Amino acid sequence: MPNPPKPAPECPFEKRYPSALQRDDRYYMELAYNQAIEAWRENEVPIGAVIEYGGEVVGAAHNRVESTNDPTAHAEMLAITQASDAIKNWRLNEATLYVTKEPCPMCSGATMMSRLKRVVYAVPDPKMGGLGGLYDVNSYPTINHSLQVEVGVLRAECLELLQAFFQLKRDMGKASI
């Protein structure tokens, strides 16, 4: 029988309240950052994603792998499903995904399959990233869709959030020994 999950470390970060008057990349990334904080509060890896379509948020999610026992319940996957449902089309041609960390190979594949126009991510992932980190699914010449990729919006803040979460988890693990 598996061990019960340990409680989440208390989140020292506050949500942001960006002005909707300027709906630029920073605005949507701050909404994704807020989703990451929600993930932390639910003891999930703090990654958040938002999908913008026509100036509106049509998908917003955070990791739910632990709570659902589903390895595919990444923020990006959940947000893509929400967005497709919201616009009643699996092709998200004019949509942009904002995510606090570079999508993994699975999520990078989903960005291609859903035909997203753009992906904007804050923190590169050299160990597991699929859009430039470990490898780049967007660079294959024979693929029938390519994404516009932007890197670094809110990078410092999102990196600090991720690093603090894992440091506090390690500290809590040492304290229980």
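Tutor: A residue counts as buried at under 20% relative accessible area, as exposed at over 50%, and as partly exposed in between, with a 1.4 Å probe and protein chains only. This is a predicted model, in which local features need pLDDT of at least 70 and side-chain atom pairs count only at pLDDT 80 or more, while totals for chains, interfaces and linings use all residues. Residues are numbered from 1 along each chain as its sequence is written, and side-chain values use heavy atoms, leaving out hydrogens and water.

Student: Happy to start with a loop. Is asparagine 69 buried or exposed?

Tutor: Asparagine 69 sits in the loop between α2 (65-68) and α3; helices (H or I, at least four residues) and strands (E, at least two) are DSSP runs, numbered from the N terminus. Its phi is positive, about 55°, although it is not a glycine. With a relative accessibility of 69%, asparagine 69 is exposed.

Student: And asparagine 43, is that one buried or exposed?

Tutor: Asparagine 43 also belongs to a loop, the one between α1 (25-41) and β1. Its phi is positive too, about 65°, and it is not a glycine. Most residues other than glycine have a negative phi. Relative accessibility here is 14%, so asparagine 43 is buried.

Student: Which residue in β2 is the bridge partner of alanine 49?

Tutor: Look along β1 and β2, which are antiparallel and joined by six bridges. Their hairpin has two residues between the strands, and glycine 54 there takes a positive phi near 60°. Along the paired stretch, the bridge partner of alanine 49 is alanine 61.

Student: Moving to β3 and β4, which residue in β4 stands opposite tyrosine 98?

Tutor: β3 pairs with β4 (residues 118-123) in the parallel sense, over five bridges. Leucine 97 stands opposite valine 119. For tyrosine 98, the residue opposite is valine 120.

Student: Why is β4 largely enclosed by the rest of the structure?

Tutor: Apply the burial cut-off to each residue of the strand. β4 is largely enclosed because the number of its six residues that are buried is six.

Student: Where does UniProt place the feature "active site"?

Tutor: UniProt positions follow the numbering used here, feature names are shortened, and annotations may be inferred rather than shown by experiment. The unreviewed entry puts the feature "domain: CMP/dCMP-type deaminase" at residues 23-150, a span that is 34% helix and 23% strand. In the unreviewed entry, the "active site" feature is at Glu76.

Student: Which helix holds glutamate 76?

Tutor: Glutamate 76 is buried, at 4% relative accessibility. Beyond neighbours within four places in sequence, its contacts (heavy atoms within 4.5 Å) include Ala49, Leu97, Cys104 and Cys107. The helix that holds glutamate 76 is α3.

Student: How many disulfides does the structure hold?

Tutor: A disulfide is a pair of cysteine sulfur atoms within 2.5 Å. The sulfur of cysteine 104 has its closest cysteine sulfur in cysteine 107, and at 3.7 Å that is too far for a bond. Cysteine 104 is buried at 12% relative accessible area, and cysteine 107 is buried at 0%. The number of disulfides in the structure is zero.

Student: What covers the buried residues of α4?

Tutor: Helix α4 spans residues 105-113, and its buried residues are Cys107, Ser108, Ala110, Thr111 and Met112. After the helix comes arginine 115, with a positive phi near 65°. The cover over those buried residues includes α3, β3 and β4.

Student: One more: which residue's backbone nitrogen lies 3.1 Å from a polar atom of the side chain of threonine 100?

Tutor: Threonine 100 lies in strand β3 (residues 95-101) and is buried, with a relative accessible area of 2%. Not counting residues up to four places away in sequence, threonine 100 touches a set that includes Tyr33, Pro46, Val123 and Cys158. A polar contact is a pair of N or O atoms within 3.5 Å; within protein, one must be able to donate a hydrogen and the other to accept it, and residues adjacent in sequence count only if both atoms are side-chain atoms. The backbone nitrogen at 3.1 Å belongs to glycine 48.

Note on methods
Two strands pair if DSSP finds at least two bridges between them.
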